[in-house]
Amino acid sequence: MRHARRVSLLLLVAVACAPAAGAQDLPRGTIIDDVKCTDDPAQSYALYLPSTYSRSQMWNLLLGFHPAARGRAIVEKYRDAAERYGYIVAASNTSRNGPMAPSAASVRAMSIDLGQRFAIDAERLYLTGLSGGARVAMQVALGKNNIAGVIASSAGYPDAKPRSSVAFPVFGTAGTDDFNYLEMRQLDRKLTSPHYLAIFSGGHTLPPDAVAVEAIEWMELQAMKSGRRRRDDALIDRLLETRRARIAESPRPAATVHLLEALAADFTGLRDVAAEATRARDLARQPDVKKALAHERADDDAEARRLDQIFELEAGLRDPQRHNESLGRLREELTRYAKVAAADTESPERSQARRLLRTISGAAAERVDDSDYRALLDHVAPRGRQP
């Protein structure tokens with residue numbers, strides 16, 4: 001981890017100080033699948049330059065990481081938002097899940113290459129990633145550097161431990177069936193520095209296109225609040241109106257409280273949102289709403305306890321005296337989850353069962369060496385790729 005943090009410092013030095021003059025003339029307004037790093041051709045990245053890119057001004061940079069080294073997937077996801085809001089997007093074709101050293105090498109090579117080729121604003125450096133790629137992005141940002149924000153999809157910190165505060169804004173995303181859903185919920189609950197969590201219907205995947213645009217727009221708000229970009233009153237008003245419309249359409253009072261609180265946090269200092277802050281407090285005090293909010297937290301805690309119970313039963317598989325009993329209880333519990341996960345109708349219970357099964361089966365080989373248990377997991381695990 002220490003090595004990765006030294007690399008994150010090199011990222012900022014390279015981008016902030018390397019000259020943009022003499023950069024290779026690359027196409028604008030289209031995705032380039034494979035840009036070789038000049039100083040290290042073994043490293044490459046997918047790239048999107050806005051159609052209006054020129055070296056006459058400084059540009060925002062969004063640097064991305066995919067768990068399977070699919071740089072284009074990251075770039076495609078943020079292409080529309082990048083074009084609209086003036087971001088260069090570059091995503092590694094070599095960083096992937098596994099040891100940190102290869103990802104650290106990609107961070108260093110990309111940052112040097114991008115800094116040499118393009119006119120990048122050192123105050124507007126952003127990171128994003130999916131799953132293990134999100135952990136790489138967070139690792140770089142945690143290196144106490146001047147990162148303007150992180151978009152973390154389906155995973156959080158490199159050690160998966162929540163923090164109460166970080167030095168950069170965090171926009172998190174997770175699907176309802178995502179096996180890291182609970183981790184992202186816990187990140188959201190613990191964090192008090194600027195953050196936002198967007199939950200969508202789906203699995204362990206990049207967010208829908210609309211959420212990707214929302215993430216960039218949220219970063220624009222944070223940049224205006226921190227002074228990293230000039231104030232744009234028209235943009236502020238448009239985003240505020242969108243949020244207010246979403247609140248007006250909210251079907252559940254507990255969800256309305258969360259939306260009101262987020263609006264108040266995001267627009268304080270930009271607009272007068274005292275009415276929304278007051279409404280959030282008043283609504284949260286209503287007995288039925290207070291009960292619903294407590295129920296949300298209790299559901300998260302119960303899901304964490306269920307996982308702990310499964311892991312405790314797994315430990316019993318290693319004890320010959322407890323093996324058969326533990327396997328029987330695991331079969332009973334996991335079969336019950338599988339029945340709920342296979343329901344035709346979407347529901348919070350179905351999503352939770354799918355999350356639990358994917359979390360349990362996903363890294364079972366690293367926890368348990370038991371052929372009977374592995375056969376059980378193969379039988380109950382949700383089939384196919386995540387939505």
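This is a predicted model: local features need pLDDT of at least 70, side-chain atom pairs count only at pLDDT 80 or more; totals for chains, interfaces and linings use all residues.
Local features were taken at pLDDT of at least 70 and side-chain atom pairs at pLDDT 80 or more, while totals for chains, interfaces and linings use all residues. Residues are numbered from 1 along each chain as its sequence is written, and side-chain values use heavy atoms, without hydrogens and water.

Helix H2 (residues 71–85) packs on helix H6 (residues 209–226) at about 40 degrees, with the axes 8 Å apart. Helices are DSSP runs (H or I, at least four residues) numbered from the N terminus; axes are lines fitted to C-alpha atoms over the stretch in contact, with angles from 0 to 180 degrees between N-to-C directions. From H2, Lys77, Tyr78, Ala81, Arg84 and Tyr85 meet Asp209, Ala212, Val213, Ile216, Glu217 and Glu220 of H6 (contact: heavy atoms within 4.5 Å). By class, this contact of H2 with H6 comprises six nonpolar, five charged and no polar residues (nonpolar: Ala, Val, Leu, Ile, Met, Phe, Trp, Tyr, Cys and Pro; charged: Asp, Glu, Lys and Arg; polar: the others, including Gly).

Helix H4 (residues 132–141) is largely enclosed by the rest of the structure, because nine of its 10 residues are buried (under 20% relative accessible area, 1.4 Å probe, protein chains only). Among the buried residues of H4 are Val136, Met138 and Gln139.

Gln352 lies in helix H12 (residues 348–362) and, at 17% relative accessibility, counts as buried. Beyond its neighbours within four places in sequence, Gln352 contacts Asp299, Glu303 and Arg306.

Note on methods
Helices (H or I, at least four residues) and strands (E, at least two) are DSSP runs, numbered from the N terminus. Buried means under 20% relative accessible area, exposed over 50%, partly exposed in between (1.4 Å probe, protein chains only).
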